[in-house]
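Colleague: I am new to reading protein models and would like to learn how one goes through such a structure feature by feature. Could we look at one together?

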Amino acid sequence: MGKLVENIMEKVVEDKLNQMLPSLNCCTCNICKTDIMCYALNRIKPKYVSTDQGALLSRVDSVSITYGTAVMTEIAAGVEIVRKNPHHN
Ligand SMILES: [Zn+2]
């Protein structure tokens, strides 16, 4: 049985991070991406939705528009932290 609910912010943060990364002067490996996502997600209020397939995808866009600025602020802050303290060399 799959998950019944999902924190839609995980998808919103991941999408925004992928959009922002090319213009950020930051390592883009999976370790750093995951660290940045964790940083941002721990500071953004989670938004749980039922995992009904189509509904989920359409919600990502509207949530992304509503919370986009807050998400980008936290991602930018996470990038600063990870850039100074990457979990690798
Ligand atoms: Zn890295």
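Modeller: Gladly, and please keep in mind that this is a predicted model. Let us begin with the largest nonpolar core, which has 21 residues, and in which V13, I36 and I75 touch the most other members.

Colleague: Which elements give two or more residues to this core?

Modeller: They are helix 1, helix 2 and helix 3, and the largest share, 7 residues, comes from helix 3. To see how one member is placed, take V13, which touches M37, A40, L41, I44, V71 and I75 when residues up to four places away in sequence are not counted.

Colleague: How should I read a charged residue such as K16, and what is the nearest side chain of opposite charge?

Modeller: One asks whether a partner lies within 4 Å, the cut-off for a salt bridge. K16, in helix 1 (residues 8–20), is buried yet has no salt bridge, since the nearest side chain of opposite charge, D15, is 8.3 Å away. Beyond its neighbours within four places in sequence, K16 is in contact with S64, G68, V71, M72 and I75.

Colleague: Which residues coordinate the zinc ion?

Modeller: The donors are C27 (SG), C29 (SG), C32 (SG) and H88 (NE2), at 2.0 to 2.3 Å, and with angles of 92 to 126° among these 4 donor atoms the site is tetrahedral. In sequence, the donor residues follow the spacing C-x1-C-x2-C-x55-H. Distant parts of the chain are linked here, as C32 lies in helix 2 (residues 30–43) and H88 in the segment after helix 3 (53–84), 56 residues apart.

Colleague: Is C32 buried or exposed?

Modeller: C32 is buried, because its relative accessible area is 1%, whereas H88, at 27% relative accessibility, counts as partly exposed.

Definitions and conventions
Residues numbered from 1 in each chain as written. Predicted model: local features only at pLDDT ≥ 70, side-chain atom pairs only at ≥ 80, totals over all residues. Heavy atoms only, no water. Donors = N, O, S within 2.8 Å, 3.2 Å for Na, K, Ca; no water. Tetrahedral: all angles 85-135°; square planar, octahedral: opposite > 155°, others 65-115°. Helix = DSSP H or I, 4+ residues; strand = E, 2+ residues; numbered from the N terminus. Buried < 20%, exposed > 50% of the residue type's maximum accessible area, 1.4 Å probe, protein only. Lys, Arg positive; Asp, Glu negative; His and termini not counted. Contact = heavy atoms within 4.5 Å. Core = buried A, V, L, I, M, F, W, Y, C linked by side-chain atoms within 4.5 Å.
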